[in-house]
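Please look through the structure shown here, and then read the report that follows, which takes its strands, helices and loops in turn.

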Amino acid sequence: MAGSLAREGLTNTGERGGGPLIMTEDAHLLDDLLRLCAAAGAMPEVHHGLPETKGAWERAPIVLVGDDAAARCRGAARRRGVMLVGRDQDDPGVWRRAVEIGAEYVLCLPDAENWIIDQIANAAEGVGNPALTIGVLGGRGGSGASTLACALAVTAAKSGRRTMLVDGDPLGGGIDVLLGGENVEGMRWPDFARSTGRMGGGALEESLPALHGLRVLSWGRNDEVAIPPQAMRAVLAAARRLGGVVVVDLPRRVDEGVAEALAQLDAGLLVVPGELRAVAAARRVASVAGMVLSDLRIVARGPYAPGLDERWVARTLGLPLVGDLPSEPGLAAALNSGEPPGADPRGALARFCNAFWEQADMRRAPHGPASIGTGTS
């Protein structure tokens, strides 16, 4: 049970960072709270009552007050992020004690354990603006979606953005290969396949291969070909909490794991070659993806069949146009030499991606992207 004494949840109480302040003399309650802190990856500061250290009460990102210690916390300065934690949800006096210490929440264990872990982890990680999360899908096979996803991630990292590239296509051969990092040490999707609960963003980032200034979550070389939706949810939620940019390379088929990824995107880019059959195939992909993703945009790719151009492609599919994906002579040779897509700052692909990120930065609203693109609809 988690009873709220405030109209809103704890938004950004973690901006101060660090571990929570715990106050209790109940040994069993303390054991439980220490266990929850360990699950959230946070190191708490423990006291029996109000800490004598000046500023400790005010500095802590959140304060967990055991019901046994409430009386000893009377008179403390009012602040956000104070939680009264106990075990007896039927105790009528608990609300009075919560009001006396200015608690925002009354929490009962074990019911509120998962919620407390989330709040502790948010505080430890210093939750701010979530990452701008962009998904890339191909309108048909071989459309160049993975190449664009890599180029977007590489250019974002080169511009100083905190960047993570997530390979959501288990049949794509591994996006780490495109980056020349298939042998770089680090965790891959099979290591996260059974993840279901809260995952620390920092721990995720540190566990992944580092390539070209970004972190990459790709596939291993075993036979696993699906991402459970719970694992996709946990990984992307952790990645988004880090801020910066997350780019997700997605398959054309939509299973439960892909649907979970689509639900966490700010926008999706559908790469469509300028051919009638490709546009027909892309219509099917757009129809399925659009059931989950509300902001899907077109990146058209030449060469175009006679009478077609990028505007025709977008107009036929009824979706906004980001722009025309330029061809880049020498890209295949660069890939063979270990240079990833978008690495050449003078190349057409890098210029396209940089223009996309500049537009995304300018048009992004405080709580998400209001409009993203490099072209017009």
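## Buried positions in helix H11

A residue is called buried when its relative accessible area is under 20%, and exposed when that value is over 50%. In this predicted model, the buried residues of helix H11 are Ala278, Val279, Ala281, Ala282, Val285, Ala286 and Ala289. Seen down the axis of H11, these buried residues fall within an arc of 165°, so they line one face of the helix. An α-helix has 3.6 residues a turn, so residues three or four places apart point the same way.

The buried residues of H11 pack against E7, H10, E12, E13 and H12, whereas the face turned away from the buried side carries the exposed residues Leu276, Arg277 and Arg284. H11 covers residues 276–289, and at 1.5 Å a residue its 14 residues should span 20 Å, which agrees with the 20 Å between its end C-alpha atoms.

Strands of a sheet pair through backbone hydrogen bonds, either parallel or antiparallel. Here eight strands form an open sheet with mixed pairing, in the order E9-E10-E8-E11-E7-E12-E13-E14. Strand E9 (210–211) and strand E14 (321–325) are the edge strands, each of which pairs on one side only. Within the sheet, strand E7 (residues 132–138) and strand E11 (residues 245–249) pair in the parallel sense over five bridges, and Val136 stands opposite Asp249 in E11.

Helix H9 (residues 229–241) packs on this sheet, where it touches E7, strand E8 (163–167), strand E10 (214–217) and E11, and its direction makes about 150° with that of E11. Helix H12 (residues 310–317) lies across strand E12 (267–273), strand E13 (296–301) and E14, and it runs at about 145° to E13.

Strand E2 (residues 21–23) is joined to E4 by three bridges, and the two run parallel, with Leu21 opposite Val63 in E4. E4 in turn pairs with E5 in the parallel sense over four bridges, with Gly66 opposite Val85 in E5. Strand E5 (residues 82–86) is also joined to E6 by four bridges in a parallel arrangement, and here Met83 stands opposite Tyr105 in E6.

In a regular strand the side chains alternate between the two faces of the sheet.

In soluble globular proteins, nonpolar side chains tend to be buried together. The largest nonpolar core of this model has 42 residues, and those with the most contacts inside it are Trp189, Leu204, Leu270 and Ile298. H9 gives the most to this core, with seven residues. Leaving aside its neighbours within four places in sequence, Leu204 is in contact with Met164, Phe192, Met199, Val235, Ala238 and Ala239. A second, separate core has 34 residues, including Ala153, Ile175, Trp357 and Ala360.

Helix H5 (residues 145–158) is mostly covered, with eleven of its 14 residues buried; among them are Leu148, Cys150, Leu152, Val154 and Thr155. From its first C-alpha to its last H5 reaches 20 Å, close to the 20 Å expected at 1.5 Å a residue. Just after H5, Gly160 takes a positive phi of about 95°.

The loop between E7 and H5 contains Gly142. Is Gly142 buried or exposed? Because its relative accessibility is 65%, Gly142 counts as exposed. Gly142 and Val271 are 129 residues apart in sequence, and their C-alpha atoms are 9.8 Å apart in space.

## Arg252 and its contacts

Arg252 is found in the loop between E11 and helix H10 (256–263), where it is partly exposed, with a relative accessible area of 39%. Apart from its neighbours within four places in sequence, Arg252 is in contact with Gly138, Gly139, Arg140, Gly141, Ala281 and Val285. Arg252 and Arg140 are 112 residues apart along the chain, while their C-alpha atoms are separated by 7.3 Å. Two of the residues in contact with Arg252, Ala281 and Val285, are also buried residues of H11.

Terms used:
Residues are numbered from 1 along each chain as its sequence is written. This is a predicted model: local features need pLDDT of at least 70, side-chain atom pairs count only at pLDDT 80 or more; totals for chains, interfaces and linings use all residues. Side-chain values use heavy atoms; hydrogens and water are left out. Two strands pair if DSSP finds at least two bridges between them. Contact means heavy atoms within 4.5 Å. Axes are lines fitted to C-alpha atoms, for helices over the stretch in contact, and angles run from 0 to 180 degrees between N-to-C directions. Buried means under 20% relative accessible area, exposed over 50%, partly exposed in between (1.4 Å probe, protein chains only). A nonpolar core is a set of buried Ala, Val, Leu, Ile, Met, Phe, Trp, Tyr and Cys residues joined through side-chain atoms within 4.5 Å. The expected span of a helix is 1.5 Å times one less than its number of residues. The arc is that of the directions from the helix axis to the C-beta atoms.
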